[in-house]
Structures are given as C-alpha cells and as structure tokens.
Amino acid sequence: MAHNGVNPLLTPYKMGNFNLSHRIVLAPLTRQRSYENVPQPHAVLYYTQRTSKGGLLIAEATDICPTAQGYPNTPGIWNHSQIQAWKSIVDSVHAHGGIFFCQIWHTGRVSDSCYQPNGQAPVSSTDKPLTPQKRSNGIDVAQFTPPRRLRTDEIPQIVNHFRIAARNAIQAGFDGVEIHGAHGYLLEQFLKDKVNDRTDQYGGSLENRCRFPLEVVEAVVNEIGPERVGIRLSPFQEYGECGDSNPKELGLYLVNALNKYGIAYCHMVEPRMQTIGEKVETPHSLLPMRKAFNGTFIVAGGYDRQDGIHAVAQDRADLVAYGRLFLANPDLPKRYALDAPLNKYDRSTFYLDDPHVGYTDYPFLD
C-alpha cells in the first residue's frame, strides 16, 4: 500500500528540533558487550553501521548507577570513563548524520546480588522476589536475588541518579535520553499494581504508582530540556512479572501526565508482544494513547516492513522502532526503500560477549 509510489516509512518527519529523513528507528537493544560497564571501541562500528543520514537511533539500555545493573557487560553512564567511551561512539554516529538518544535504565529487582555493589540485594518497589526465568536463549535459567524495598526517603536519590545520567549523556554528546519505564524494570515495578504493594505515597492509587516515574521525567526535563527527553512504556506487557489490572487506564494516565512536560516522544510497546519473541492476537490497542499524546509517538513490537507502512499510513504512529530486523540488517532503511530481501537474525548470538559475532558481522546489501 504505497502512497503515490512513496513508502510512508521513508518520508521525512520533524521530531521537535530534530529533522528525521525517514520513520525507521533503531530500537534499544541490550548487547552485553560493554566489558566492566564501559562501552568498547567495537560499539563504534556497531552503531555506525546502523546509522543513516537523518535516522534516529536509540542506544542500548544504559545503567544509571552501580545498583542499576541486572545483566553482565551492560554499559553505564555514571562515571568519567563511561562518558568518554560513549563520546567516541556518539561522535561517529553524528559524523554519519544520525540522531542518537541514550536509553537510561535501572533494572530494580531484575538483578542478582552478584551485580550489586558489595553483593547487596537489588532494590525495588517491593520485597516480593521474582521467580527464576529462562533466559532469552531458551536454555539458561536466570536467578534473581530477593529485592529490598526502597524506603520512601531513598527514592529521591534514584531520581537524582536518573537526572545525573541524563546530564552525563548530554555531556557525552547524545541528542537526548529515553527513560526506560518498560519491560518489568524499576520504574515499571512502581507503575504496576500486581507488583507495587507499597503503602506510602508511591503505592496504592494510580496517581501514587505513577509518582516516582513522573518525578524522574520532571527531573530529567529540568536538567536537559523536554525536547531532549523520550520515555519507553509497556503498559500491556507482563515481563518480569510486572502486570497491571488495568493497562489501558495506566497508559492513558501516563500519556496525559507526560503532556504536561512537553517531552519529545513516547515509545510504546504493542500489546501483542506478550513474550519477547512472538506476536499474539489481542483486543488491546495503543490507539487511545496515540490520540491522547501530544508529542511524537513511536511504536515497537514485532513490526515488519508492511506493518510499519500501514502504521504510518493509518496515522497509528509517527515512527516505528525495529529491533531484531535492524540488528540483522544494518542497512535496514535502504533495504526497506528498495524492498530488498533481509538477512535472518540469529537469536543464539544476540548476547554473546564477542566483539564481532552476532554484532558487527551481519552483511550489507552491497
């Protein structure tokens, strides 16, 4: 369904101050190749391969502080050496004409004491433990240390970690940050009523559960400006045992609250992605959130070329984020422009710590 022969995914779009040449976004993808939490030189090649002039890239989830970590070899952005390492990556993306946002992240209870400072328990909204889960490779089982419930007076410290991480990202040269409020991590552990069992001002009512994530948004907006801020949300998902009794109400409340801050974008995961891998039939839709949100609306979740074309043509989204397909096809925008065949992704190499295999070794069209 091309419009006058023009693929809607390949049309320009103005996202606030940023002039995008097309609608295809690199989704944030955890790569686990940042040894000792420092981004490596091989990441320069990886991100540059996926850069197109006027294309938006969202960096892999990046730990805001030492307690944020939940997986091996994830990058951080809390110290000088991390900022310097990111800088060379960002400079290369910019030299190739890309717009680059850093996804800032705290995993909360999706962690283990082996990743925590002094082997302490991970922090969360709750002290309810997470049951062991099969890792994305389908073989290994991840164990999670039972979390420690954050005290009311500790929450401002975490808000401050997000604020400083945002400032550090801008110092590294990033165009903006995406606050990770999705996929069962710390902010979502507060948002959702099936996990948040607090009795202070951060638990109970919808307003209370959204308080901490919105305090993070406010602090980050005040630090770096609303035009440099996005957020990722997944109201319909139950990753990390983070479910909600009324996801549509939660999603609508959040986008209406976000409108007050004038942030650049809201990046939402389609309800059909009940597991990381498979699309399922569902009566739920992101359309009410799309209509209520004033900024740029990015959708993600199992999109292929045709799905993306329809989403933009039908005004269900401004931009479409691609993960696995963009990983396997570093020149995805070019392939979509030509309707060229795609490389298949290899799930077994997604999270290797190899600096090349499953990372920078997927071939280009030419």
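Is Gln 32 buried or exposed? In this predicted model, Gln 32 counts as buried, because its relative accessibility is 12% and the cut-off for burial is under 20%. Gln 32 sits in the loop that runs between strand 3 (24-26) and helix 1 (41-49). Its backbone is marked by a positive phi of about 55°. Gln 32 is not a glycine.

Asn 37 also lies in the loop between strand 3 and helix 1. The phi of Asn 37 is positive, near 65°. Here too the residue is other than glycine. Asn 37 has a relative accessibility of 14%, so it counts as buried.

Attention then turns to the second largest pocket. The space in this pocket is about 220 Å³. Its lining is made up of 13 residues. Closest to the pocket centre are Glu 270, Arg 272, Ser 285, Tyr 303 and Arg 316. Several elements contribute to the lining. Helix 7 (287-292) supplies at least two residues. Strand 14 (296-300) likewise gives at least two, and helix 8 (305-313) gives at least two. By class, 5 lining residues are nonpolar, 3 are polar and 5 are charged.

Note on methods. Residues numbered from 1 in each chain as written. Predicted model: local features only at pLDDT ≥ 70, side-chain atom pairs only at ≥ 80, totals over all residues. Heavy atoms only, no water. 1 Å grid on protein atoms, 1.4 Å probe; cavity = no way out; pocket = protein on both sides within 12 Å on 5 of 7 lines; lining within 4 Å. Points joined across faces, edges and corners; volume = space filled by probe spheres on them. Helix = DSSP H or I, 4+ residues; strand = E, 2+ residues; numbered from the N terminus. Nonpolar A, V, L, I, M, F, W, Y, C, P; charged D, E, K, R; others polar. Buried < 20%, exposed > 50% of the residue type's maximum accessible area, 1.4 Å probe, protein only.
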